[in-house]
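User: I would like a close look at a single part of this protein. Please keep the answer plain and tie each point to the model.

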Amino acid sequence: MLRRKLAVGMGLALSLVLGACSNTVGSEGEMTFVVAQPSSPPTLDPHYSNTAVAFTPINAIFEGLVRLDETGEILPALAEAWEWLDNQTLEFTIREGVYFHNGDPLTMEDIAFSLERAATSPVSSTMLGGINTTSIQITGENSIRFSTYEPFFAILAHLGANGSIVSQRAVEEL
């Protein structure tokens, strides 16, 4: 019964959000997408925001190695596959042909930078601080590996919730 009420409530909330969205075409054919939210996010930096109001635009802009579906199942995102090498070490195989919004190709250096940045941020480290940043290593053209400080199998769920990958060049130029 509680699940049904929750599902109905989520459906109503989604209807309100989608009903508040609009698509307009500007004078030069540019598309503008408008989303109504209760307030503006304090930042769109995924490693320095933990507010609910920021998650909607951040999730529309950034992607992580994995993602969570509506049931919490871990699904591929930028990583097409991953493997536990031991009880603390994960290796990811990354999709090819991925580009950032600015046209830069995704590199393993961007992923290493993002993992280290997220693990050491005062905000996102609450979820990703278990990543041993000295263990992050690029193991191939499309693969990267890291370890956690101790066995922590929930790290995949934490990456799905707060593991956005950013362009190292874009961050350093800001």
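Analyst: The model is a predicted one. Thr-89 lies in strand S7, which covers residues 89-94. Its relative accessibility is 9%, and because buried means under 20%, Thr-89 counts as buried.

Leaving aside residues up to four places away in sequence, Thr-89 touches Glu-83, Trp-84, Arg-145, Phe-146 and Ser-147. With one of these, Ser-147, there is a polar contact from side chain to side chain, at 2.8 Å.

Another of the residues that Thr-89 touches, Phe-146, belongs to strand S9 (residues 143-148). Phe-146 also forms an aromatic pair with Phe-92, a residue of strand S7. The ring centres are 5.9 Å apart and the planes make an angle of 20 degrees, so the pair counts as stacked, the limit being under 30 degrees. Phe-92 and Phe-146 are 54 residues apart, and their pair links distant parts of the chain. Both are buried. In the whole structure, a search finds two aromatic pairs.

For another element, take helix H3, residues 108-120. Of its 13 residues, 10 are buried, which leaves the helix mostly covered. Among the buried ones are Met-108, Ile-111, Phe-113, Leu-115 and Arg-117. The length of H3 can be checked as well: at 1.5 Å a residue its 13 residues should span 18 Å, and the C-alpha atoms at its ends are 18 Å apart, so the two agree.

Terms used
Residues numbered from 1 in each chain as written. Predicted model: local features only at pLDDT ≥ 70, side-chain atom pairs only at ≥ 80, totals over all residues. Heavy atoms only, no water. Phe/Tyr/Trp six-rings, centres within 6.5 Å; stacked < 30°, edge-to-face > 60°. Helix = DSSP H or I, 4+ residues; strand = E, 2+ residues; numbered from the N terminus. Buried < 20%, exposed > 50% of the residue type's maximum accessible area, 1.4 Å probe, protein only. Expected span 1.5 Å × (residues − 1). Polar contact = N/O pair within 3.5 Å; in protein donor to acceptor, adjacent residues only side chain to side chain. Contact = heavy atoms within 4.5 Å.
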